[in-house]
Amino acid sequence: MTKNFEIAVFQGDGIGPEITGPTVDILTRMAAASSAYSLTFVDAPAGAQHYAETGESFPAASMEVAKKSDAILLSAMGLPNVRYADGTEISPQIDLRKALTLFAGVRPVTVKAGQRTPLNMPEGKEIDFVLIRESTEGLFYTQGKGEVTENEARETLLITRDISEKLFKFTFELARARKASGRGSARVTCVDKANVFRAFAFFRDLFDAEAAKHPDLNADHAYVDATALWMVQKPWEFDVMVTENMFGDILSDLGAGLMGGLGLAPSADIGLDHAVFQPCHGSAPDIAGQGVANPFAMILSAAMMLDWLGIKHENRGLVADGKRLREAVEDVVAQGRVLTRDLGGTAGTQDAAKAVLDTLFVS
């Protein structure tokens, strides 16, 4: 019997709906062609535009849809001119991370042979690593609640044993899965600043304790500043990296830069029971409605969703389709014939999405 999976869809703000539509169309087409699974999509209103129209940024009903779903597909969120009364941005994606304890922010970085990149890549080298960002605490712990007086401001960095142990267990399991699939070097790197901060020494100790449980994998450490340097000088040497929330926030954008921009940067925020899949880029209201937005990061995020669902539910069809969708986008980008403006091309949103569909079902 074909298993049906319910997907909560947050259309997003700005270009969000423009990149969500073709992504859902691709997923619908893939599910229709599969005998291993089916997909049902349930709309979940939220975001800055919803707040501007209703005074509510994240309806309770939408949170319930998210909690009951098998996976959450969330598009670009937020608008720079729509904020809460205290001046902070409207970010339902952060609300979801905290409400569902989505501690593992997964940010893949992939540059295939022939793909344009700002780097001067040695011939024959490719980039294929995953940055895992703890997504619920760290320096984001007191977000919106920091202490500010006339003469000083304070924010609290929090690292807990409970979340860190879950994070590191997830990280090593991902590295082992990559090794089994023929990707990566079975190397896990803890990125921290343990030479200066006691909190990061604690973080590193917990990493080492988990590493001892996985003698078949290689574990090492790197300071965050050195990591930023090496991500430019020799990014092909990394496999799986794990780090604190703020460090991960910064390094993930550097990773996107290696690929050519945020338009190619997918992401997932994963917990024990739930997961959100979302492009790393913003809502780009300046180009909304023009049909020129890059849908690749959104489509790649959907590929990650299929893979996660397949692994979680032991569904080989989902895993295979996740891989097939990811590789279709990578092929389109590496060939360079159908690229959007941000990648140096002239293709619009629909043309870029169609190129992925053609790769999936025609070639």
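The following questions and answers look at salt bridges and a sheet in a predicted model.

Residues are numbered from 1 along each chain as its sequence is written, and side-chain values use heavy atoms, with hydrogens and water left out. Because the model is predicted, local features need pLDDT of at least 70 and side-chain atom pairs count only at pLDDT 80 or more, while totals for chains, interfaces and linings use all residues.

Visitor: How many salt bridges does a search of the whole structure find?
Guide: A salt bridge here is a side-chain nitrogen of Lys or Arg within 4 Å of a carboxyl oxygen of Asp or Glu. With that definition, the number found in a search of the whole structure is 22.

Visitor: Which residue forms a salt bridge with aspartate 269, and where does that residue lie?
Guide: The partner of aspartate 269 is arginine 107, with the closest N and O atoms 3.7 Å apart. The pair links distant parts of the chain, 162 residues apart, since aspartate 269 belongs to strand 11 (residues 268–270), where strands (E, at least two residues) and helices (H or I, at least four) are DSSP runs numbered from the N terminus. The residue asked for, arginine 107, lies in strand 4 (residues 104–111).

Visitor: Is lysine 193 buried or exposed?
Guide: The side chain of lysine 193 meets that of aspartate 225 in a salt bridge (2.9 Å, N to O). Buried means under 20% relative accessible area, exposed over 50%, and partly exposed in between (1.4 Å probe, protein chains only). Aspartate 225, at 45%, counts as partly exposed. Because lysine 193 has a relative accessible area of 16%, this residue is buried.

Visitor: In which helix do glutamate 165 and arginine 161 both lie?
Guide: The side chains of glutamate 165 and arginine 161 meet in a salt bridge of 3.4 Å, N to O. The two residues are four residues apart, about one turn of the helix, and both lie in helix 5 (residues 161–180).

Visitor: Which strands stand at the edges of the sheet?
Guide: The open sheet of ten strands has mixed pairing and the order 2-1-3-12-11-4-5-10-8-9, where two strands pair if DSSP finds at least two bridges between them. Each edge strand has a single partner strand, so one side of each is left without a neighbour in the sheet, and these strands are strand 2 (37–43) and strand 9 (218–223).

Visitor: What is the bridge partner of valine 9 in strand 2?
Guide: Strand 1 (residues 3–10) and strand 2 run parallel and are joined by seven bridges. In strand 2, the bridge partner of valine 9 is aspartate 43.
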